[in-house]
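Here is a short briefing to read alongside the structure. Take a moment to find your way around the fold, and then let us walk through it together.

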Amino acid sequence: MSRYSRGGYSRGRSWNGPPPCTGCGFCKGLDEKEGNYARKTCTEFKAVKRAATGSSYLKLALDPTEERGFAAAGVMLFKRSNGDLEFLMAREFRNGGDQLNFLGGKRNLMQALPLDVAVKKLDMETGGALRRTTVRQVRAPGGCPLVLWSPESKYVLFIFELLADSPDADIDVQAMGTFGAKRLEWVTRSELKSERFLKVEVHDFCFMMLRDMEACNVLDNLDRLFDANRVNSTIPATDSQASPAAGSEETVLASTQFDVVSALGTAACAARPEAPPLPPKPSWSQLVALKGQLHRQDIKKLKLRFHPDHLRRFLKRDPSAVEEEMSKKAMQVVNMLFEDNPQESEAAGVATISELSVLIRKSAGGADEDSSDVCCLEELLAEIKISPKQPPRR
């Protein structure tokens, strides 16, 4: 009797999946053309795609498993017009068809990041017609405050609003890219919610994403979500940033020395002046996004600034109990933000910032209110329930 079972595998041994990739053009290479060919057979790429979640979601930042396992990425640019929303889409000709798709494309290298892929494909499909300031804003931390995960196509869709004063709100729709798109078109929200329009005009990949948007109530609430984000970016200074009482040394220190959110925003603006400023009430994800914007020396200075062991030297006196407590909490926030997996510390980080904010207000003589410096947009997302109705089908 043969010692091999059906399929040629030795009896008594279990099969643990395909062997690890030995270094194909996709996971080890630097050439996108080579990577595009190898991505179909790369076993490592198949493994990280299988690990990604099978449920669609709309969040402020992509989860780590989807950041590793995404297959394609793009940007959904929209503007407000005549009481409705309009979305910039690409008219593509494939296999004799003429259909609309979002601006984006597939990932050709394992080391590529979702936002990098999305911005690169966006620039290519618009034929370089977008202003460089717009491209930088899309790429900047917090530039795209929302991201949609579409599990069927493993697609990451970043959402960006073109404001009315942006020159790109009137982009030449005849602009032609060199990557699939033959023409650009503005499509209204009402059209994207029309089942008849979707059946006739929209590409299959785009249809899957729109179905996930419908499940997450994205289109119905998009203007409301971006309104909340804009308000948080323009509201007056919080209590922790208010002017201190004259002659109160403790109040001055409480307002400046221990406001870790304000310090992070100041350091980020100094590092990249062209990037959008950090909102006064940023989300935890927006704070985490600053890691890539700050130089390691900036991070070192922040850690020295908030370290409790350096407090006496900074004050040139013995710190009070409240100052010691504020210093400890500020240092905890810094440590959680700059650890290897800061998203895992989101709940603890948000709670610590809230506790620190209360201490700062108390020290400044403000009202003892239990309000958080971490916004807003996350709370609004939590309010948006999954739609009970069935998504449209082909």
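This is a predicted model: local features need pLDDT of at least 70, side-chain atom pairs count only at pLDDT 80 or more; totals for chains, interfaces and linings use all residues.

The protein chain has 17 helices and 8 strands, and 48% of its 394 residues are buried.

**The chain as a whole**

- Among contacts with a separation of 6 or more, 70% are between residues 24 or more positions apart.
- The accessible surface of the protein chain is about 20200 Å², and carbon and sulfur atoms account for 51% of that surface.

**Strand β2 and its partners**

- With strand β7 (residues 155–161), β2 runs parallel, and 7 bridges join the two.
- With strand β5 (residues 103–106), β2 runs antiparallel, and 4 bridges join the pair.
- Strand β3 (residues 84–94) is also antiparallel to β2, and here there are 5 bridges.
- Gly-74 is a handy landmark: its bridge partner in β5 is Gly-104, while in β7 Gly-74 stands opposite Leu-157.
- Towards β3, you can look for Arg-80, which stands opposite Leu-85.

**The turn between β2 and β3**

- These two strands form a hairpin, with 2 residues between them.

**Glu-86, a buried acidic residue**

- Where does Glu-86 lie? You will find Glu-86 in strand β3.
- Is Glu-86 buried or exposed? Its relative accessible area is 17%, which is under the 20% cut-off, so Glu-86 counts as buried.
- The Glu-86 side chain makes a polar contact with the side chain of Ser-81, at 3.5 Å.
- Leaving aside residues up to four places away in sequence, Glu-86 touches Leu-77, Phe-78, Lys-79 and Ser-81, as well as Trp-186, Val-187 and Thr-188.

**Helix α2**

- Helix α2 spans residues 43–51, and its residues Thr-43, Phe-45 and Val-48 are buried.
- Part of what covers the buried residues of α2 is α3 (64–69).

Terms used. Residues are numbered from 1 along each chain as its sequence is written. Side-chain values use heavy atoms; hydrogens and water are left out. Two strands pair if DSSP finds at least two bridges between them. Buried means under 20% relative accessible area, exposed over 50%, partly exposed in between (1.4 Å probe, protein chains only). A polar contact is a pair of N or O atoms within 3.5 Å; within protein, one must be able to donate a hydrogen and the other to accept it, and residues adjacent in sequence count only if both atoms are side-chain atoms. Contact means heavy atoms within 4.5 Å. Accessible areas come from the Shrake-Rupley method with a 1.4 Å probe; for residues, only the protein chains shown count as cover.
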